[in-house]
Structure formats: C-alpha cells, structure tokens
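Colleague: Could you walk me through this structure? I'd like to hear what stands behind each label you use.

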Amino acid sequence: MKLFLDTASLEEIREGVRWGVLGGVTTNPTLIGKESSDFLPRVKEICSIVDGDVSIETVGDDTDNLIRQGREIAQIADNAVVKVATTPNGLGATRALTDEGIKVNMTLNFSATQAILTAEAGAYIVSPFLGRLDDIATDGLRLLSDICEIYAVQGYTTKVLAASLRHPLHVVEAARMGADIATMPFKVFESLVKHPLTDAGFKRFSDDWKEAMPHLGELLPSMQEA
Ligand code: E4P
C-alpha cells in the first residue's frame, strides 16, 4: 500500500520525501487555501518534488468545464492526477477524460454504489472518505472493506485510495483490507513511526555505547562520528 500525504505544505512534503517512503500527494481546495500561496506555482512545485501521483482537484460541477479543467491539470506535469467529485456531471467528465488517457481520481466518495459508478466510468482512483463518515457515526472502514471486496470480485482495476484518515489505526486497517493507497495528514504520517519503546530502547543503547566506547578499541570510522 502506498502512503500519500494529504497536504499542500512544501515543508511537510519535503519531510516525507526525506523519509524515503512517500508514494504521492493528494490536495484539495481547502488544503491549497490554507497555504495562501499562488495556486499554479505551488502545484507545479509539489509535482516536481514528489516521485508519484499528485492529485489536483477541479472546482465547479459543469461537465464541459470539468473536462477543460481536467485537460489543463493534466498538462501541469506527468504525475498530475485530476480530482473530480462524485456527481453525475463528474462521472460524465471522468468518462471523457479517461477516454482521452487522462488519469482521474474520483473524490468525495461515501458509498459502495458511488464506488461502482466510479469504476464503471473508468476512473484511475476512487477515494472513499473514511473519517468524514466516522464523524457522522457511520463506519468508514466498513465502506472501505465493501469497496475492496466489490472491486476484487468484479475485477475492477480502479485503485482504492483510503482518504480522510484520522489516526494510525485507519492506516493499519486500510492496509489489512487491501487498499492500494492511504492518504493522510502529516500528523498521522508522523505518528506511524512513533513508539515509546523505540525511543526508550534507542536512548538506552546510545547511553550504553557511550559508556563502553572508551574500552572497545578499534571502531569503524563512521561510528566514531555518530
Ligand atoms: C483526499 O483526497 C482528501 O483531500 C482528504 O483525505 C480529505 O480529508 P479530511 O476529511 O480530513 O478533510
């Protein structure tokens, strides 16, 4: 399962790249707005620093205009993916863009029926929003599990991207269910690596090493600098 950051922050994206595990980025109008920077230079820069898909969202709900936006977004970079909301007009735009060879991520998915339509429209990615369902006391993970099962049974090739993740267990369950991608805020991404026993164990080994070092004779040169 690929790990994506759900952000438009260059600082967060650069940190993810530094870790060597970042598979891509998703953005949306809210995340772009938070950064208050020029839209086009920002999305171009994100595409240039990420080695993987970068989803950039369309706005409005007119099929012809969505198709025009999709074509323009696809021109931004080779790794740009067009995000389209799951509406009747969005489905029509997705079919047209897909037929032109443009990759579409159908977003704001909240039901298995929407996910079936998304696959039938030929989308590259379907994005079920788990956290927003949990927020209204509906089981987001249940939806993800339904979609993974239906896609496997039907042989749909649309990638399943678990979105709107709120905590590390969402990520673990998404991996267990077979999601292709999980996108998350930096706070959740960071929490994946944290463990108090790792911190305590690391400190103990460092302290013990420093104490023993003077009696260990010849060391590797890099170890002397650690
Ligand atoms: C995904 O593509 C969306 O941008 C995102 O996951 C939405 O998450 P939120 O519900 O935390 O805003």
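Colleague: Before that, what kind of model is it, and what counts?

Modeller: This is a predicted model, where local features need pLDDT of at least 70, side-chain atom pairs count only at pLDDT 80 or more, and totals for chains, interfaces and linings use all residues. Residues are numbered from 1 along each chain as its sequence is written, and side-chain values use heavy atoms, with hydrogens and water left out.

Colleague: How many helices and strands are there in the protein chain?

Modeller: The protein chain has 12 helices and 8 strands. Both are DSSP runs numbered from the N terminus: helices are H or I with at least four residues, strands are E with at least two. The C-alpha trace spans about 75 × 40 × 30 Å along its principal axes.

Colleague: What share of the residues is buried?

Modeller: Of the 226 residues, 43% are buried. The cut-offs are these: buried is under 20% relative accessible area, exposed is over 50%, and partly exposed is in between (1.4 Å probe, protein chains only).

Colleague: Then why is Ala137 called buried, exposed or partly exposed?

Modeller: Ala137 has a relative accessible area of 75%, and exposed means over 50%, so Ala137 is exposed. Its place is the loop between α7 (130-135) and α8 (140-154).

Colleague: What makes the phi of Ser36 worth a mention?

Modeller: Phi of Ser36 is near 35°, a positive value in a residue other than glycine. Ser36 is in the loop between α2 (29-35) and α3 (39-49). Ser36 counts as exposed because its relative accessibility is 67%. Leu108 also has a positive phi, near 55°, but Leu108 lies in strand β5 (residues 104-109).

Colleague: Why are Glu15 and Arg18 separated by about one helical turn?

Modeller: Because Glu15 and Arg18 are 3 residues apart in helix α1 (residues 10-19). Glu15 is partly exposed at 24%, while Arg18 is exposed at 63%. Asp146 and Arg142 also meet in a salt bridge, at 3.2 Å from N to O. Being 4 residues apart in helix α8, Asp146 and Arg142 are separated by about one helical turn.

Colleague: And why is Arg42 called buried?

Modeller: Arg42 has a relative accessible area of 14%, and buried means under 20%, so the label follows. Arg42 forms a salt bridge with Glu35, the closest N and O atoms being 3.2 Å apart. Glu35 is partly exposed at 27%.

Colleague: What makes something a pocket?

Modeller: On a 1 Å grid over the protein atoms alone, a pocket is an open set of points with protein on both sides within 12 Å along at least five of seven lines, where a 1.4 Å probe fits; lining residues have an atom within 4 Å of a point. The largest pocket has a volume of about 410 Å³, a volume being the space filled by probe spheres set on the points, which are joined across faces, edges and corners. Of its 26 lining residues, the closest to the centre are Asp6, Asn28, Leu31, Arg132 and Pro185. α2 gives the most to this lining, with 4 residues.

Colleague: What about the second largest pocket?

Modeller: About 150 Å³ of space lies in the second largest pocket. Its lining residues include Ser206, Trp209 and Met223, and α11 gives the most, with 3 residues. Trp209 is found in helix α11, and at 32% Trp209 is partly exposed.

Notes. A salt bridge is a side-chain nitrogen of Lys or Arg within 4 Å of a carboxyl oxygen of Asp or Glu.
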